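Dear colleague,

I am passing on the structure that we spoke about, and below it you will find some notes on what turned up. Please read them with the model open beside you.

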Amino acid sequence: MSATVRLSVNGQPVEVPAGASVAAAMAHVTLHFRRSVSGTARAPLCGMGVCFECRVNIDGVPHVRACMTPVIEGMQVRTDD
Amino acid sequence: MTERYDILVVGAGPAGLTAARTAAAHGARVGLIDAQAQPGGQVWRHDVRHHAPREARAAISGLGQVELLSQHTVVAVEPSALRVEMPRGASELRYDALVLATGARELLLPFPGWTLPGVTGAGGLQALAKQGWPVAGKRVVIAGSGPLLLAAAATLRAHGAHVLGIYEQAAAASVHAFARQLVHWPAKAMQALGLRTRLAGVPYHFGSFIRGASGDDTLSRVDIEGPRGSQSIECDMLGVGYGLVPNVELAQLLGCALVHQGAHPRVQVDALLRTSVSGIYAAGEAGGIGGLAVARIEGEIAGHMAAGQTQAATALLPMRGKERRFGALLSHHFALDPRLLSLANAQTLICRCEDVTLGELDGFSDARSAKLVTRCGMGACQGRICGTALAELGRFPRNGARPPVFPTRLATLAGLTTFPSSDDY
Ligand SMILES: Cc1cc2nc3c(=O)[nH]c(=O)nc-3n(C[C@H](O)[C@H](O)[C@H](O)COP(=O)(O)OP(=O)(O)OC[C@H]3O[C@@H](n4cnc5c(N)ncnc54)[C@H](O)[C@@H]3O)c2cc1C
Ligand code: FES
């Protein structure tokens, strides 16, 4: 349980416990996960894969739900702006 | 790629875990599918910092021969087969019998400020904390309705959050009457007592609800309406949820009949958990909100039934009846205050995917025409958030489910024979 994983969020290094979600890792860096169609900042709402407010770009793949994705060593996460 | 199973179970919460293990014990080849990375469902969600409860570990380690298919999301259906998507790739899983244990999600109601970062569901915030979301030292307000608020607050506290208070919309008299009924469910009474002990010092307010949230670009303040008037509290996070709503979309897609009673449908089952479609069973909260004990006992019944062991299933029926009565008690004592349905004003966003306000929906009487004109419900959540809220607000009933059940890569759907020529996308 004590192992940690390092990843990058918008170019910033983050270290979190193994098994953490990308959403949790991102919250160490930013609360702005995506911009809505009218340009307001959004962050996770449901925490369980239903609302899609936590969508980010993970290793080049856009619109991935951060709350449903476990962190992997070396992962590159970007928000859409 | 196609794989064959005797029995497939969708959902690895307490209902699905029990169903899969029970069915496998009869010698069937069983696949247990879940979209999450770890088994456990909602109540037994994997926690990065704390061990799972003993019964959760037992349920997971007891899976034996069951093939656990984590990070598999069911997105579409074919006759006797499910189309699943994984982070990389997709496949088709065939079955002779199917158990739907898709559980429930939170009922989230719109109010001014609910789209601000820092505002989440109550169970949602609990889930995020278990995933490792940094809450230590954060000032957190928990609000909404139902016993889940206590569970969420206890998890947050265990992760180091400073829980400023729990705001329950139900009146004190109603919650106390509920607590008195718990003598008939000693295990639940013990659990409630345990939670209250873990929450010593955290104020639990009744007849109180969140009217609005504000902050510059993230949450900094909530407005609370209580029996003695309104007040504002500064906080870093708000977790607010108004109870649970069954996940019926997959059942709907499979053609299973639903029970439309109140604002939110549930999967229709008979006493032995048979849905209206032969060979398909439903267990746990998909068939109505009832809590952990219902999920486990129904998982066992459905596991026996899917394996063709009707007698073993029938023996469990008295236990199911008792636990199901608890669900009725919950909905009675935590019925929503009608004032909650008028918190959103004309400018409040209802559809968070397409940024549609409540005012823009005036004049529409059904979800489909509203969607065609305003795009409400057309976004990635496929109306799970806004459609559910609008049904609760009494605007219009939820739309039928259409494939895919979740937004999907095109390649996943290639070759599907049952993909309709959709008329309302
Ligand atoms: C956010 C949240 C937190 C909760 N916390 C607590 C708590 O702390 N204590 C408590 O007593 N109760 C809690 N509950 C209530 C809880 O729902 C029940 O007690 C119990 O988990 C119900 O079990 P279940 O097996 O019916 O469904 P669930 O536990 O909800 O499991 C359903 C599973 O099905 C999966 N699933 C659904 N659709 C698909 C699909 N299409 N493809 C693949 N997988 C799918 C989901 O990923 C999920 O893991 C919580 C509920 C929610 C929504
Ligand atoms: S927070 Fe709702 S889908 Fe991730």
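In chain B, H4(B) and H6(B) are oblique to each other, a word used here for angles that are not under 35 degrees (roughly parallel), over 145 (roughly antiparallel) or 65 to 115 (roughly perpendicular). Helix H4 spans residues 148–158 and helix H6 residues 186–198, and the two pack at an angle of about 40 degrees with their axes 9 Å apart; axes are lines fitted to C-alpha atoms, for helices over the stretch in contact, and angles run from 0 to 180 degrees between N-to-C directions. Helices (H or I, at least four residues) and strands (E, at least two) are DSSP runs, numbered from the N terminus.

Where H4(B) meets H6(B), Leu150(B), Ala151(B), Ala154(B), Thr155(B) and Arg157(B) touch Leu195(B), Arg196(B) and Arg198(B), contact meaning heavy atoms within 4.5 Å.

Before going further, please note that this is a predicted model, in which local features need pLDDT of at least 70 and side-chain atom pairs count only at pLDDT 80 or more, while totals for chains, interfaces and linings use all residues. Residues are numbered from 1 along each chain as its sequence is written, chains are lettered from A and ligands numbered from 1 in the order in which they are written, and side-chain values use heavy atoms, with hydrogens and water left out.

Asn10(A) sits in the loop between strands E1 (4–9) and E2 (12–17) of chain A, and Gln382(B) in the loop between helices H11 (367–374) and H12 (386–392) of chain B. Asn10(A) is partly exposed, with a relative accessible area of 28%, and Gln382(B) is partly exposed too, at 29%; buried means under 20%, exposed over 50% and partly exposed in between, with a 1.4 Å probe and protein chains only.

Finally, Ile224(B) lies in strand E15 (residues 221–226) of chain B and counts as buried at 1% relative accessibility. Although Ile224(B) and Phe209(B) are 15 residues apart in sequence, their C-alpha atoms are 5.6 Å apart in space.
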